[in-house]
Each structure stands twice: as C-alpha cells, then as structure tokens.
Number of protein chains: 2
Amino acid sequence: MCPAKVDDGFIRGYIIPIGGGEKKVKSSDILNRFVELCGGKKARVVIIPTASRLSDTGDRYREVFSEIGVGQADIVTLDTRQDCEDADKLRKLENATGIFMTGGDQLRLATIIGGTSVSSLMRSANAKGVPIAGTSAGAAFIPEHMIAFGRGGATPKSGLATLAPGLGLTNKVIIDQHFRERGRLGRLLSALAYNPFAIGLGVDEDTAAFIGPDDVIEVVGSGGLTVIDPTDLQHSSMADVAKGKPVCLIGIKLHILLDGGRYDLSTRKASPAPG
Amino acid sequence: MCPAKVDDGFIRGYIIPIGGGEKKVKSSDILNRFVELCGGKKARVVIIPTASRLSDTGDRYREVFSEIGVGQADIVTLDTRQDCEDADKLRKLENATGIFMTGGDQLRLATIIGGTSVSSLMRSANAKGVPIAGTSAGAAFIPEHMIAFGRGGATPKSGLATLAPGLGLTNKVIIDQHFRERGRLGRLLSALAYNPFAIGLGVDEDTAAFIGPDDVIEVVGSGGLTVIDPTDLQHSSMADVAKGKPVCLIGIKLHILLDGGRYDLSTRKASPAPG
C-alpha cells in the first residue's frame, strides 16, 4: 500500500524500524527514544504482537514500557482478519499516541493485517503524527515493499529475496533486519536490484532507524545501519539471470552509520554522529 | 613486502586469487584458464601445499593439472623455513612457468615462506611474467597486506580483521576469500578502513580474479567478485572506536561482478561481462 496523505496542518509521525534484539530493559535507548516521541508519561502505546507465535511477547513489552514510565500500554491482539475489524480494538488503536509491532514472522503481519481497517488506521494515524515502530518482522512489514523471506549471504542472487506488499508507511526504503547477525547483504541487494528506486536499510540488532517527518534518518543503538543507495547503479543483470544465480551490480553506494549518524532520504546524503 | 620491480622488456605475470572451493576437475574454467596462461601443454606448474595440514592436498592438484594436460606438475613441499632455502626446491621454482598455492591457513604461508628465498623468488618470477595463483588461504597471502584472520558478519568493527604482511605480489588490493559463503563483508571493510588506499576484493568460492599485467581484473567462475572501492570515502571512525565496536564508514562504492566482468584497478571502473 502507498503511504497515507499527510493533510495540511499535520506532520507525519516517526517511522521506526528496529533490527530485532533490542534491549528490553528500562534503560534501552531505542525504547526510551520511542516512548519520548509518543509523549513520555502521557503516552498511550499500543503493542501489536501479531507477528509472534509466543503468547507472552506482548506482555514482555508492556512490562518494559511500564517500567520506562509510559502512562498506558495496551496489547491489541490481532490473530485473525476478523480481529482487525473489531470495534474495540480499532478504538484502542485510534486513541494510541504510539504503535509498536513485535518481532516474529512478517508474513503473519501481512496476511492478518494487510487490507483490513487496522492497516488503513495505522497508515492514517502515522500521517497524523503517531510514531509507529516495529522490531525484526515488525520492521520488515513497515514499508510498501516488504522482504517476505530469503536466505543469508553476501552475494545478490535472482530470487534470493521474495518481496510482498507491506504496511506501506513509506515507499522510500526497503528494510532488512538482524542485518549483520544473519549476513543479509545479498538479500537486501537482491531486493533492491529488481527495481532500484528505493534505498536499502540493513538494520543490525539492538539498532533502530528513526525516520523523521522530514525523511531524515537518525541511528540509535549499539549496532550499525547499513544504507545501500542504488542511485548511481550503472548495471544490473537481474533481468538476465536464471533464478538462484548471482546478479551483477555495478555502482552501488554503501554507508555504515552508527548511533547518532544520519541519512537524508531526500538528498541521499549521509553524515556521521556529530563528534 | 612490496611487489618486485618489472624490468624493461618484461611483462608482469597474472596474479590470480581464487575464493576457495574451485572445482578440482578437468573442466574447471578457473584451473584451465590458469594452465593456459602458464603455457598449456608445455607448462611447468609448481604446486605449493604449505598452507594445508593435509598430506594429500598437493597430490589432488597434481592429478587435476595432469588431467588438464599440463606438461609437468611438481609439488614443492615447504614445511619449514629451512625448506625455503633448499637449492633443489628453489631450482624447481625457478624453472616454473606457473606457481599455485593451495588453501589451508594463510598464517602458515606467511610464517614459513615470509622473508625467505622462496618469497623473493616468487615475487621476481611474477615480475618476469610467471602467473601465480592461490586459492583460499593462498589467495589471502598474495597481496602486500594480508587478512590474517577475523570473524564473519556484515558490519565492520575495530579489530575485526587482523592484518599481517603477505607475499606482496601487489599492493593495490586486499583479498578476502569464501566471501559470500562466510559473510565476510564486515571483515573486508574493516581491513580497508584502517587505511583506505587499497581496493577490497571479496572472492566467492569457485570464483577467481585474474589480475592482468595491466591491472585489469577479469572474473572467472560460478560465483561473484565483490569489489569495494573506498576512493570516495568521506568518513571513517576507525581511529575513534574501541576494539570490537562497529565502525562508521560513509561513501563506500561497491560492485558485484560475475564471470566475464572486469574491473580496472588503475581507473577504478567496473564493467559487466560483454553480453
């Protein structure tokens, strides 16, 4: 889906893909920064544990958010597409000042939430200023084009990344998570090579890309954000090679940014943390 | 060590790092191309199995080279630094029209051969036109600056790659092997970030970079060659971060080349296989 239109007088909310494995403790820089954007003590955070098949995933985040001092942290369980039309659940989401999607499997998010009232409500909430974060599978689900699955490895290959429509908060990036930990450069390059209009964001564990309303990304966390910019791509053999075969790519730009580093999705310029 | 000077009237031999896992069969494109450069049926190939701790490594290559039709394929066993001063062994190397280093551990190559008569003989043979190939550890040992060891992973980190002096056939590249298979992007980026004067070559298994006398690389094999060009590096935090911590790198250029693709180390331009 395309991002919702930001109406006059509104500022889009932050979009926050997290690479998974963020510290689920009171002192977590990532979760603290998210809570601050949601209104701190006055925040009403809704946790969506849909991606996870574990029953206690939502509770763990509710505890951490409470410890951080969030006024209200509710779990909204969406296990079926019918759940995504439930008036009570929709009301809770409508009242949220921040929405957080847990990890698990992004295809659960896409198959259950995609095309429902929850999906359009999340897009319009973000367009009205509500920050939306997702970790791991929750991060992958954020953009218009989502990496559904694909194996690790540094060389891009035809068919290595399988794309599917995501939530659609932004169409400027394609996101891959657990990036360094699972060696996903080839998968992200493959995803970009199909149609190199988007910027690739490879988010390491315990690391987040805070994409501001101005489309400037700030990196928060202990790992790295790998930014892959195919603007100057001179050649891609993606259309010519058989499935599973390596793809030739010439002219990729690559940045590795750390905590405090920035990347402007409009100008495509990177800058290190102010030192 | 620095590369030996190429005297007037001579043309430097090919330098051929192979990513390991090359097909050890008669039909291997990589080994056939190497043999052709060494003189085909008239070739006298010397195999140096020093990197390997297995007793039959040299024999396996001798068999393949014989099957391919090499006139003479000798194993020169160099297990000690004394071996590297042995007159018989030096004579065999001096008569070689091609030298092949097997895989194993590049630190065995560096500790046994480094600084001996074999080492200077190999450099001057290459300067006189003799092609020198190395697979896996043998590939890592080729350049002036060798990656001695370091773990996998996509994010560069301080101390991730430990460099040591290599054989020194070229100082224009730093080589990493089993590149995609062992997810070594971070390690190669780390190695380059210390002093970004060299080009990084990440060589996949069953893939070789044939570096010609004109310093134009041609890719041969079934995998990819990842070329990392730090020419436009705008920022590296390598000097500022603690050991084991991720490094910020802004402005890396990256190409993924396949069989037939070329990269000119002088102009730093990549081109796909002529299609």
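This report covers the chain relation, the interface, the sheets and the helix packing of a predicted model.

## Basis

Residues are numbered from 1 along each chain as its sequence is written, and chains are lettered from A and ligands numbered from 1 in the order in which they are written. Because the model is predicted, local features need pLDDT of at least 70 and side-chain atom pairs count only at pLDDT 80 or more, while totals for chains, interfaces and linings use all residues.

## Relation of the two chains

Two copies of a chain are related by a rotation about an axis and a shift along it.

The same surface serves both copies: 97% of the contact residues of chain B recur in chain A.

## The interface

Chain B puts 34 residues into the contact, and chain A puts in 34 residues. Contact between two residues means that their C-beta atoms, placed from the backbone, lie within 7 Å. On the side of chain B that touches chain A, the elements that give two or more residues are α7 (185-193) and β14 (249-257) of chain B. β14(B) gives the most, with nine residues. Helices here are DSSP runs of H or I with at least four residues, strands are runs of E with at least two, and both are numbered from the N terminus.

By class, that side of chain B has 16 nonpolar, 15 polar and three charged residues. Ala, Val, Leu, Ile, Met, Phe, Trp, Tyr, Cys and Pro count as nonpolar; Asp, Glu, Lys and Arg count as charged; the others, Gly among them, count as polar.

Strand β14 (residues 249-257) of chain A is joined to β14(B) by five bridges. The two strands run antiparallel. I256(A) stands opposite L249(B) in β14(B). Strands pair if DSSP finds at least two bridges between them.

## The sheet of chain A

Chain A has an open sheet of nine strands with mixed pairing, in the order β3-β2-β4-β5-β1-β10-β11-β15-β16. Its edge strands are β3 (72-75) and β16 (269-271) of chain A, each pairing on one side only. Neighbouring strands are turned by 20 degrees against each other on average, direction ignored.

Within this sheet, β1 (residues 15-18) and β10 (residues 207-211) of chain A pair in the antiparallel sense over two bridges. I15(A) has I211(A) as its bridge partner in β10(A). Helix α1 (residues 29-38) of chain A packs on the sheet, and the strands of chain A that it touches include β1, β10 and β11 (216-221). The direction of α1(A) makes about 135 degrees with that of β11(A).

## The sheet of chain B

Chain B also has an open sheet of nine strands, ordered β3-β2-β4-β5-β1-β10-β11-β15-β16 with mixed pairing. β3 (72-75) and β16 (269-271) of chain B stand at the edges with a single partner strand each, so one side of each is left without a neighbour in the sheet. The twist averages 20 degrees from one strand to the next.

Strand β2 (residues 44-48) of chain B pairs with β3(B) in the parallel sense over four bridges. The bridge partner of I47(B) in β3(B) is I75(B). Helix α2(B) packs on the sheet and touches β2, β3 and β4 (98-101) of chain B. Its direction makes about 175 degrees with that of β3(B).

## Helix packing

In chain B, the axes of α1 (residues 29-38) and α2 (residues 57-68) come within 10 Å and cross at roughly 70 degrees. That makes α1(B) roughly perpendicular to α2(B). Axes are lines fitted to C-alpha atoms, for helices over the stretch in contact, and angles run from 0 to 180 degrees between N-to-C directions. Angles under 35 degrees count as roughly parallel, over 145 as roughly antiparallel, 65 to 115 as roughly perpendicular and the rest as oblique. L31(B), N32(B) and V35(B) of α1(B) make the contact with V64(B), F65(B) and I68(B) of α2(B). These residues divide into five nonpolar, one polar and no charged.

In chain A, helices α3 (residues 87-95) and α5 (residues 117-127) pack at an angle of about 10 degrees, with their axes 10 Å apart. That makes α3(A) roughly parallel to α5(A). The contact is formed by L90(A), L93(A) and E94(A) of α3(A) with S117(A), V118(A) and L121(A) of α5(A). It has four nonpolar, one polar and one charged residues.
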